[in-house]
Amino acid sequence: MLKYIFSLIMVVGLVTPAWAQLHIVATLPALGQIAHGVGGSYAEVHILAHPDQDPHFVPPKPTLARHLARADLLVAAGLSLEIGWLPPLIEASRNPLIRPGAKGYVDGGQVLAEVLGKPGGKISRALGDIHPDGNPHWWLDPLNGVRLAYQLAARMGELDSAHAPVFEQNAEAFAAQVQTRMADWRQRFAALGPLVSYHDSYLYLARRFALRIIDFVEPKPGIEPSTAHLDALVKRLQRGEAVAVWLEPYHDGRTVRRVCELGQVPCLIRPDVIAGDGFGAYLGLFDVLAGKGGR
Ligand SMILES: [Zn+2]
């Protein structure tokens with residue numbers, strides 16, 4: 001009998017973690033890495049966008065809605081970043097738990113201390129500006145990543161109260177890791193000269209680490225540059241006003257390569273995420289951004 005009970009405990013012990021896991025869906029890899037770090041073995045995280053996809057324009061394939069259908073929690077960047085593709089996926093998932101406003105929906109844009117880059121004037125998404133609510137690339141400030149981690153720990157704790165202390169501890173440990181690395185990052189970013197970037201992706205990074213981004217290849221986020229804009233940009237580069245042009249892998253193209261060639265500066269690929277799981281991958285992103293390499 002004792003043997004039977006022991007076997008039963010063993011079986012229950014093996015099966016329970018799978019039942020207990022929260023199903024979390026993150027729109028973007030960096031958000032998924034943070035969710036994975038907070039949830040540890042008590043969460044299964046699925047990420048909708050690939051690391052090499054422009055987060056503004058992810059094709060809303062039906063397979064992505066299937067992941068949302070079984071999610072307990074959805075974490076999005078917010079600030080209209082995913083507006084072109086996430087709402088139809090939420091609709092198609094028919095999952096009331098993860099609708100905006102529900103307990104299972106975390107909007108990263110709402111946990112920020114400050115939203116940067118709110119547009120002035122009458123420029124709107126309808127006119128082509130894809131940052132109508134302010135700049136949504138906030139995860140490129142590691143302290144914003146920490147804010148998200150705490151928010152996720154609180155929300156996961158509500159959904160799985162038995163493991164709330166674990167989620168809280170994981171978020172605390174992450175915050176401590178970020179603090180440990182800040183001084184090194186500050187030093188390395190300070191050594192970089194003024195830059196031009198393709199898209200206005202690095203605003204939060206620049207604010208946190210006093211990086212100087214003097215101009216953009218896109219005249220407004222999401223708007224293709226005119227020849228006159230590119231000519232003016234090349235002249236600034238030729239005058240030595242910036243040391244490099246930063247671009248994400250999905251912005252690479254002949255136009256920007258030509259700008260770098262004429263401006264006699266390197267075009268450096270600086271991604272908004274690196275492959276990998278958990279906090280380690282998220283933190284590694286800042287090492288890559290602060291690095292000197294590129295191509
Ligand atoms: Zn953008």
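**Close-up views of the predicted model**

**View A. Strand β3 (residues 73-76) runs parallel to β4, and three bridges connect the two.** Ala76 has Asp107 of β4 as its bridge partner. Two strands count as paired when DSSP finds at least two bridges between them. Helices (H or I, at least four residues) and strands (E, at least two) are DSSP runs, numbered from the N terminus. The model is predicted: local features need pLDDT of at least 70, side-chain atom pairs count only at pLDDT 80 or more, and totals for chains, interfaces and linings use all residues. Residue numbers start from 1 along each chain, following the sequence as written.

**View B. The four-stranded open sheet has the order β2-β1-β3-β4, with parallel pairing.** β2 (43-47) and β4 (105-107) are the edge strands, each pairing on one side only. From one strand to the next, the twist averages 20 degrees. Angles run from 0 to 180 degrees between N-to-C directions, and axes are lines fitted to C-alpha atoms, for helices over the stretch in contact. Pairing within a sheet is through backbone hydrogen bonds, either parallel or antiparallel.

**View C. β1 is joined to β2 by five bridges, and the two strands run parallel.** The bridge partner of Val25 in β2 is His46. Five of the five residues of β1 are buried, so β1 is largely enclosed by the rest of the structure. A residue is buried if 20 or more other C-beta atoms lie within 10 Å of its own, exposed if 12 or fewer, and partly exposed in between, with C-beta atoms placed from the backbone. Both faces of β1 are covered, with Leu22, Ile24 and Ala26 buried on one side and His23 and Val25 buried on the other.

**View D. Helix α2 (residues 29-39) lies across β1 (22-26), β2 and β3, and runs at about 175 degrees to β2.** α5 also packs on the sheet, where it touches β1, β2, β3 and β4, and its direction makes about 165 degrees with that of β3. Contact between two residues requires their C-beta atoms, placed from the backbone, to lie within 7 Å.

**View E. Helix α5 (residues 142-159) has 18 residues and spans 25 Å from its first C-alpha to its last.** This is close to the 26 Å expected at 1.5 Å a residue; the expected span is 1.5 Å times one less than the number of residues. Buried residues of α5 include Val146, Leu148, Ala149, Leu152, Arg155 and Met156.

**View F. α5 packs against helix α6 (residues 164-190) at an angle of about 175 degrees, with the axes 8 Å apart.** That angle makes α5 roughly antiparallel to α6. On the α5 side the contact is made by residues including Pro142, Val146, Ala149, Ala153 and Met156, and on the α6 side by residues including Phe167, Ala171, Phe174 and Val178. The residues of this contact divide into 13 nonpolar, two polar and one charged. Angles under 35 degrees count as roughly parallel, over 145 as roughly antiparallel, 65 to 115 as roughly perpendicular and the rest as oblique. Ala, Val, Leu, Ile, Met, Phe, Trp, Tyr, Cys and Pro count as nonpolar, Asp, Glu, Lys and Arg as charged, and the others, Gly among them, as polar.

**View G. α2 and α6 pack with their axes 7 Å apart, at an angle of about 125 degrees.** The two helices α2 and α6 are therefore oblique to each other. Gly37, Val38 and Gly39 of α2 meet Phe167, Asn170, Ala171 and Phe174 of α6. The contact of α2 with α6 holds four nonpolar, three polar and no charged residues.

**View H. Cys260 is part of helix α9 (residues 254-263).** Cys260 counts as buried because it has 20 C-beta neighbours inside 10 Å. Apart from neighbours within four places in sequence, Cys260 contacts Val245, Val265, Pro266 and Cys267. Val234 lies 26 residues from Cys260 in sequence and 7.7 Å away in space, C-alpha to C-alpha.

View I. Most residues other than glycine have a negative phi. Leu79, not a glycine, has a positive phi of about 50 degrees; Leu79 sits in the loop between β3 and α4 (86-93) and is buried, with 24 other C-beta atoms within 10 Å. Gln264, also not a glycine, has a positive phi of about 60 degrees. Gln264 belongs to the loop between α9 and β8 (267-269) and is exposed, with 10 other C-beta atoms within 10 Å.
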